[in-house]
Amino acid sequence: MANAFTNLWRLSRAGIVLAQHGVRFVPKGQPVPLPLRFARLLTLPIQIVSAPFNVGKPKQRRISSALAALGPSYIKLGQFLATRGDVIGPELAGDLGHLQDKMPPFSMAEARRAVEDALGGKLEDHFIEFGPPVAAASIAQVHKAVTLEKGQRREVAVKILRPGVEKRFQRDLDSYFFAANLIERVHAPSRRLKPVAVVENLARTTELEMDLRLEGAAMSEMAENIGKEEKFRVPSVDWKRTAKRVLTTDWIDGIPISDRTRLKAEGHDLKQLGLTVLRSFLTHAMRDGFFHADMHQGNLFVDKAGNVVAVDFGIMGRLGTKERRFLAEILYGLITRDYRRAAEVHFWAGYVPPHHPVEVFAQALRAIGEPIHGRTADEISMADLLGQLFAYTDVFDMETRPELILLQKSMVIVEGVARGLDPSLNLWTASEPVAAEWVEANYGARGQLKKAGEGATTLARVLAEVPTMLAEAERASSGLAEMARQGLRLDPATIEQIAQATSRRDRFRRIATWIGALSLAALAAKYVGVI
């Protein structure tokens, strides 16, 4: 009970701060759950009194100010909700999309203490130079430093978690879970949107972000995935100077991708950079199933060689084979106007319940896709298209898919960055080679060869296991006979019947196993011969 009162108090305080800044968190036209209706009634006087002070302030600024006043976890919550237009409405989601994760830095003394606690010894044992913070966000801040290894100076970036951030987040997450459970209990229409699952996803994301070793591992994994031909790279990790609360990586000496003027002056091709950003993201998502899920302008730089360099790997997305096929087929189906194929993949993936006709869902996709083909490149918005696609979730009883929500949010961000570099970038023309490549690699001739190879490997394993299976059957038969002699009191006639039945089953099992194995071998040989 005490915990419930504590959470109610925290949520009430948050409601008061939001009311003071004139922020509304329920989409217009949406039914308001009873507890929120009651809370809105209580905060109405505050809104009236505060209204004159908010006149002329853009909504984005009011939201940013409110969430900054509430603390780091609310900034992270705001960024997370920016991906959930289906929950808070597209208008508010758009406003939250402009939310910048900026906080005042913590002191150099606290930074020194954090490094020494995490790495041991004195700060000077690890860095010969250690500068003031160059960036500060809700979870961590970054310092520029210099290391000395075998007489070689190396500039590095040192990311340090905020002191006490874990406790602060855990306390606020308790309040979020309390609110989500309450909404699900008293407002049935909200259950389809899974508010508790939304908070669980946020909790998992922040938990991963607060172990900087995992961020280093994400950088390392992506570096392995990136092909030599790609114009996209990531910093390398200094594992010797990395721990749970401290991460040390290469210092990126590049031009912020948002600085178009400087990029032009240095001779970089902005159109090519926009194409690189978009295609790199889609390649990582579809080919690797592992993508940077926070590729906003502040996290991207351009080095002297013209490579796009990403930083801040705290939020990463993963897609299984099913989700990757879904993404590729949707893009490919809409590009090629094969709406039936795009619809069928929704049913195949289980995203649309089978009681809906495929043809009707294909019709809905046609309504989304056809306008694309009649518009110029600068009028096509992937964000708008995905928004329309997700708007059909209610009509076709589609449940929330957290991994696709994160993908949607990331694609919207990437679109903004790519369009900032090249406003005329045709997203569909740019996406088609990546989607077509994935479909061909997995379902074309190459994909069939790959599957044949995998099938042959599986068959080899089965054939290799045949002697073991026969030996196990032999042991089972002997064990049963031994049990009958020593452990079970059966009359002689019953024992004889069991022995005869076991012998027959054993014989049939041997025959069936060899027939099955030889049949598989014959089929595989024939199939590989055809290919």
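User: Which residues of helix 10 are buried?

Analyst: This is a predicted model, and its local features need pLDDT of at least 70, side-chain atom pairs count only at pLDDT 80 or more, and totals for chains, interfaces and linings use all residues. Residues are numbered from 1 along each chain as its sequence is written, and side-chain values use heavy atoms, with hydrogens and water left out. In helix 10 the buried ones are Leu212, Glu215, Gly216, Ala218, Met219 and Met222. They sit on the same side of helix 10, because their arc around the axis is only 155° (the arc of directions from the helix axis to the C-beta atoms). Buried is under 20% relative accessible area, exposed is over 50%, and partly exposed is in between (1.4 Å probe, protein chains only).

User: Why is Asp422 called buried?

Analyst: Asp422 has 6% relative accessibility, so this residue counts as buried. Asp422 is in the loop between helix 17 (402–421) and helix 18 (427–443). Skipping neighbours within four places in sequence, Asp422 is in contact (heavy atoms within 4.5 Å) with Arg260, Leu270 and Lys271.

User: What makes Arg318 and Glu221 a salt bridge?

Analyst: The term needs a side-chain nitrogen of Lys or Arg within 4 Å of a carboxyl oxygen of Asp or Glu. Arg318 and Glu221 come to 2.7 Å, N to O, so the pair qualifies. Arg318 is in strand 10 (residues 316–318) and Glu221 in helix 10, so parts 97 residues apart in sequence are tied together. Arg318 counts as exposed at 52%, whereas Glu221 is partly exposed at 28%.

User: How do you know that Glu155 and Lys144 form a salt bridge?

Analyst: Their closest N and O atoms are 3.6 Å apart, so the pair meets the cut-off. Glu155 belongs to strand 3 (residues 152–161) and Lys144 to strand 2 (residues 140–149), 11 residues apart. Both fall in the partly exposed class, with Glu155 at 41% and Lys144 at 31%.

User: How many salt bridges are there?

Analyst: The structure holds 24. Arg340 and Glu359 form one of them, at 2.9 Å, N to O. That pair links helix 14 (residues 339–348) with helix 15 (residues 358–373), 19 residues apart.

User: Why are strand 4 and strand 6 called edge strands?

Analyst: The open sheet has 4 strands in the order 4-9-8-6, with mixed pairing. Strand 4 (232–233) and strand 6 (255–256) each have a single partner strand, so one side of each has no neighbour in the sheet.

User: How do you know that strand 8 and strand 9 pair?

Analyst: Pairing takes at least two bridges found by DSSP. Strand 8 (residues 300–302) and strand 9 (residues 308–310) share 3 bridges in the antiparallel sense, so they pass. Val302 has Val308 in strand 9 as its bridge partner. Helix 12 (residues 270–288) packs on this sheet, touching strand 4, strand 8 and strand 9, and its direction makes about 50° with that of strand 9. Such angles run from 0 to 180 degrees between N-to-C directions, with axes fitted to C-alpha atoms, for helices over the stretch in contact.

Key:
Helices (H or I, at least four residues) and strands (E, at least two) are DSSP runs, numbered from the N terminus.
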